[in-house]
Amino acid sequence: MMGKVKILILSCVLFLTGCSGLKNIQDLTYIVAIGMDFDESEDEYVVYLQGLNFANVAKQEGGKSVEPIPIFIATARGETLNMAVSKLYGKSEPPLYFGHVNTLLLTNRLIQSKSSEVLEEVGRNRSLRPTMKVFTTEEKIEDVFNTPALFDYPAVYNVLFKAKINQLAQNELKAITMMNFLRDYYEPMGTAKIPSVKIDESSWKANQDYPVLYLNGFSAFQHQEYKKDIPLEHAVVINWLTEKEISINQRVEMAGKLAAAVKLGEPKMKIKYDETAEKPAFSIEVSLSADLLEKIQKDLTLNSLQKQIEKDIKAKIESIYYEGVENKLDILNAGEKWYRKHPKQFQKLKETRTFYLNQESLTDVKVSVQILHFNSYKFKRSVDGEL
């Protein structure tokens, strides 16, 4: 009996494959970012792959390497994206591995001419994770991929690979995953946004200019169509109004001169719709708290500061909205909730095939600001008794 058991166990062991098919970490070329461009003159896609060197992640004896670690970038052309990438398989040893792609970078030229084709192709590609981040750029992709992080840390430490997109610095834009972008992209109402990346060559120096990457605005889409780029100044305010847990710093001017600097906390924005209208007509109410960072004008009263902040925020909201309407963009996503609550009106509006907003759609903007912290600054009472 024991002999039969031993034979059974031995035969099972022989059929086990074990871990013989697994590869060591240094036996693969890990692709962490993919860049895409389009050459209109040749009618070809251009693909860039950023490979992760094993030295970037391996623990080394004696701490961080003194020598800068090279950034590996592969490029190929093809009539389709898949054909371009396939040209690199036979020229890459160790073999390519796409299981850890973290970032997709698209040029402005590509999204202006081929955005729908590319986004649909990427969205259905099972080799790419839906949680990867997506960015646009007007820079050359090679220059962006060749930009390391500060202190000669490898490129995987720069803004393209930020681990937690909800951890933002002041006045910084929020990255977006491909999954969340495509969700907004296919909505019948509302704007989808991709943050854009730019190279800054003047802020940091190390014997010479030291380039770094930062987010400098949005590429905006409506009805699965690219519309325009939103500059950083407006993009920060849009992010602040429509996202959660974001605060921004703002300068306050009075009579054309800097009066104070404040920190604006997370706002509560309510959109109230006119229920009798056949298409979106609404007012906006925004309430928030603020902290005084610096008081520049000595005779500044608390009441005048509060009113000026409210006036500035109202003016920015109106300016952003009107500019969006001119470009047929629902930049504040006012239509998103409207079409869910008004399905019959939405179906009628959909048949007209016209953009659903105009300047009269926004009927009113009300802003309420409460200053909570004064940073030890003192305010004197004015003649009428107000602070």
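Let's start at phenylalanine 151, which sits in the loop between α5 (141-145) and α6 (178-185). Helices here are DSSP runs of H or I with at least four residues, strands are runs of E with at least two, and both are numbered from the N terminus. What you're looking at is a predicted model, where local features need pLDDT of at least 70, side-chain atom pairs count only at pLDDT 80 or more, and totals for chains, interfaces and linings use all residues. Residues are numbered from 1 along each chain as its sequence is written, and side-chain values use heavy atoms, with hydrogens and water left out.

**How confident is the model?**

The predictor gives each residue a confidence from 0 to 100, called pLDDT. The chain's average is 86, and 85% of the residues score at least 70. Residues 58-62 stay under 50, and the model has two contacts beyond four places in sequence for them. A contact means heavy atoms within 4.5 Å. Where pLDDT is low, the predicted coordinates should not be read in detail.

**On the surface**

Back to phenylalanine 151: because its relative accessibility is 61%, it counts as exposed. The cut-offs are under 20% relative accessible area for buried, over 50% for exposed, and partly exposed in between (1.4 Å probe, protein chains only). Together with Tyr153, Tyr157 and Trp204, Phe151 forms a nonpolar patch with about 490 Å² of accessible area. Patches take residues with over 30% relative accessible area and no salt bridge, joining like charges within 9 Å and nonpolar side chains (Val, Leu, Ile, Met, Phe, Trp, Tyr) within 5 Å. The areas come from the Shrake-Rupley method with a 1.4 Å probe, and for residues only the protein chains shown count as cover.

**On the inside**

In soluble globular proteins, nonpolar side chains tend to be buried together. A nonpolar core is a set of buried Ala, Val, Leu, Ile, Met, Phe, Trp, Tyr and Cys residues joined through side-chain atoms within 4.5 Å. The largest one has 72 residues, and Trp240, Leu264, Leu305, Ile309 and Ile313 touch the most other members. Helix α8 (residues 302-326) gives the most to this core, with eight residues. There's also a second, separate core of 34 residues, including Ile31, Ile34, Leu104 and Leu128.

Glutamine 50, found in strand β2 (residues 44-52), counts as buried at 3% relative accessibility. Among the residues it touches are Tyr30, Ile31, Phe72 and Phe161. Alanine 84 in helix α3 (residues 81-89) is buried too, with a relative accessible area of 0%. Its C-alpha atom is 6.4 Å from that of valine 47, which is 37 residues away along the chain.

**Charged pairs**

Side chains of opposite charge can pair when their charged atoms come close. A salt bridge is a side-chain nitrogen of Lys or Arg within 4 Å of a carboxyl oxygen of Asp or Glu, and the count comes to 15. Here are some of them:

| Glutamate 138 | Lysine 198 | 3.0 Å |

Glutamate 323 is partly exposed at 26% relative accessibility, whereas lysine 228 is buried at 17%. Asp39, Glu44 and Arg77 are linked in a network of salt bridges.
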